[in-house]
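I open my notebook to look around a structure that is new to me. I will jot down what I look up, one topic at a time.

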Amino acid sequence: MKKLKGLGRRTYNVLFHTHTVAGIVISFALFVIFYAGAFALFRHEIQQWENPDYRQPLVKDLDIDHALLQVDSVYGIDFTQRVNVNFPKPDMPVVKVYAQQKTEDSTATFMGAYYSPNNEKIQDIKEPLTTVGDTIYFLHYFRQIPAVGLYISGFVALFFLFASITGLLIHWQHLLTKFYAFVKEGKWKVIWTNAHTVLGVISLPFQLMYAVTGAFFGLLILVLLPVVALKYDGDQSKVLSKIRPFDNYEIKVDAPAADNMSLAELGKQVLADYPEAHINRAQIMNYGKEDAAALFAIDNNQGVHAMANIVVRMRDGRVLEEYTQRPEQSGYAYGVLAYIFKLHFATFGGIPLRILYFVLSMVTCFMIVSGILIWRTARDNKRYTFKQRLFHHRVTKWYLAICLSMFPAFAIIFVANKLVPIGLVDRVATVNSIFFLSWLGLTLLGLLWNKYSQQNRNYLIIGGFLSLLIPIVNGIVTGDWIWNVWHTYEWVAYVDVFWLLAGLTALYISFFHLKVKTTTDKPQAEEEASADTPVIEEENTVEAPITMFKPKLGLD
């Protein structure tokens, strides 16, 4: 088969090394983003599994106004400011309210709470009962790192974009031949290198999409700062008004009270024009007054650009077109934002699309781990001094320990969510501490193993057994065994089934398809050769070591 036209020797050499450096610098951080992001796709389903308040039937024809007033009676909502109300849905059958509270000194104090219509329970979102879904979601953009976590994730995504493009360019010449080599017999270390290349190309559109959208969300404020300063004289509200026209809606604080239409009535009126859509949330201005208005965010989850923001006047239900953003009429700014949001969070295409995103995220995690091992193998030769090779070995051990220990650490946070009593003070902090300390402990434990295959196998065994505990502990603590909730709260059953299958698969692979090397991966002291002379590292001569998905071939 003919090779595609490749790069020149110098260009190839430059791009190869920049691709390698960019990839190895961000590798473990990128692994955390993709691994946590894969689970974050099912954040709300995980929340139903972890929170007893979400394991309730969805109340139809719910009086949203009653729920809002109940929350107001506890928190004292300032209705002259924007009030956001998230409507209930099957996987989250509660009403969530985010608003600003009334205070005597006029300081801005924000609140968040959910109202459970089945038992009229009101729970402060700032002091949640559970944490698994939120912790995983926040981890995927490093929110746990104060102030700079989001920016770090944005820069990691930006470097990932660069690494993806340069990787495509340096492998372009051998792309077709390596694609077929992916299924041929031969030297397995080379096959795994080719698998790294081919899977990268197959999933390239997905990875580019996440690189671009991740950089957008992480670095948006840095992009907007010069725009706000130069074009809008430092007035941030002018920029936001281009994206959110409803921000320009003016109210009168002293407007008379009025007997307005209910949110439920207005919602039905809005959905009359979009029968296949559902309401995600409503944003209300000056609730209970004559000039009150409400924005209804609707979506049918069937297309990338299927979102709409319909603004209505609450006293008569008239649509205020000057503030409304319909899918067929929205401007460029809102359209781009809607596209990016839905692409990144997979809020179109339903469950099959999110499953596909999950699988592609795990493929990307494999790419990252195999890339780390390929990087180390390419440097385990006499062109590098013993001290340099020892450094490469230690970096590889650290990276693999951080990445591979996430599997058992994630299983631990699910188990901890059930074992820590629901009424315990500072319960969320306790569960999070167990998770992060166990992740740290598992990472340090991995440093004791000098064999990469031993790291891989041991983490699979530990994670496998912990995964099997999740449905068992959930059944014992809550009584919601898989067979009991299959037809009532199916997502509770699905989460348990996922961990059951994950545990069995991990143990099967570790016991029947992995062999631990008999010799250490630590470089042995030997005659040192000079590494001063640069050498072009042709990618088809780099031999990849066995990775986390190695079949039983006895290749160590």
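**Entry 1: helices on the sheet.** I note at the outset that this is a predicted model. I began with helix H3, residues 64-75. Helix H3 lies across strand E1 (83-86), E2, E3, E4 and strand E5 (278-285). Its direction runs at about 130° to E3. I then turned to helix H10, residues 263-271. Helix H10 also packs on the sheet, where it touches E5, strand E6 (293-299) and E7. Helix H10 makes about 50° with the direction of E6.

**Entry 2: the sheet itself.** In what order do the seven strands of the open sheet come? I read the order as E4-E3-E2-E1-E5-E6-E7, with antiparallel pairing. Which strands stand at the edges? They are strand E4 (121-124) and strand E7 (307-313). Each has a single partner strand, so one side of each is left without a neighbour in the sheet. From one strand to the next, the twist averages 20°.

**Entry 3: two strand pairs.** I looked at strand E2 (residues 95-101) and strand E3 (residues 109-116). They run antiparallel, and seven bridges join them. In this pair, Lys96 stands opposite Tyr114 of E3. I moved on to E6 and E7, which run antiparallel and are joined by seven bridges. Here Ala297 has Asn309 in E7 as its bridge partner.

Entry 4: I wanted to know how many residues of E7 are buried. Seven of the seven are, so E7 is largely enclosed by the rest of the structure. I recall that side chains in a regular strand alternate between the two faces of the sheet. In E7, both faces are covered. Met307, Asn309, Val311 and Arg313 are buried on one side, and Ala308, Ile310 and Val312 are buried on the other. E7 still stands at an edge of the sheet, with a single partner strand.

Entry 5: Lys121 lies in strand E4. Is Lys121 buried, partly exposed or exposed? Its relative accessibility is 29%, so I write it down as partly exposed. I listed its contacts, leaving out residues up to four places away in sequence. Lys121 touches Asp53, Tyr114, Tyr115, Ser116 and Leu129. With Asp53 there is a polar contact between the side chains, at 3.1 Å. I also looked up Val94, which is 27 residues from Lys121 along the chain. Their C-alpha atoms are separated by 9.7 Å.

**Entry 6: Ser153.** Ser153 has 8% relative accessibility, so it counts as buried. Where does its side chain reach? It reaches the backbone oxygen of Leu150, at 2.6 Å. Leaving aside neighbours within four places in sequence, Ser153 is in contact with Ile33, Tyr141 and Phe142.

**Entry 7: two positive phi values.** Most residues other than glycine have a negative phi. I found Phe142 with a positive phi, near 60°. Phe142 sits in the loop between helix H4 (132-139) and helix H5 (149-171). Asp426 has a positive phi too, of about 55°, and is not a glycine. Asp426 sits in the loop between helix H14 (406-419) and helix H15 (427-446). Are these residues buried or exposed? Phe142 is buried, at 9% relative accessibility. Asp426 is exposed, with a relative accessible area of 57%.

Entry 8: I found 41 aromatic pairs in the structure. I picked Trp491 and Tyr494, an edge-to-face pair. Their rings are 5.1 Å apart, centre to centre, with 85° between the planes. Both residues lie in helix H18 (residues 490-512). They are three residues apart, about one turn of the helix. Trp491 has 18% relative accessibility; buried means under 20%, so Trp491 counts as buried. Tyr494 has 36%, so I log it as partly exposed. I also noted two arginines over rings. Arg43 lies over the face of Tyr137, 4.1 Å from the ring centre. Arg143 has its charged end over the ring of Phe138, 4.1 Å from the centre.

Conventions. Residues are numbered from 1 along each chain as its sequence is written. This is a predicted model: local features need pLDDT of at least 70, side-chain atom pairs count only at pLDDT 80 or more; totals for chains, interfaces and linings use all residues. Side-chain values use heavy atoms; hydrogens and water are left out. Two strands pair if DSSP finds at least two bridges between them. Helices (H or I, at least four residues) and strands (E, at least two) are DSSP runs, numbered from the N terminus. Axes are lines fitted to C-alpha atoms, for helices over the stretch in contact, and angles run from 0 to 180 degrees between N-to-C directions. Contact means heavy atoms within 4.5 Å. Rings of Phe, Tyr and Trp (its six-membered ring) pair if their centres lie within 6.5 Å; planes under 30 degrees apart count as stacked, over 60 as edge-to-face and the rest as tilted. Buried means under 20% relative accessible area, exposed over 50%, partly exposed in between (1.4 Å probe, protein chains only). A charge sits over a ring if NZ of Lys or CZ of Arg is within 6 Å of the ring centre and within 35 degrees of the ring normal. A polar contact is a pair of N or O atoms within 3.5 Å; within protein, one must be able to donate a hydrogen and the other to accept it, and residues adjacent in sequence count only if both atoms are side-chain atoms.
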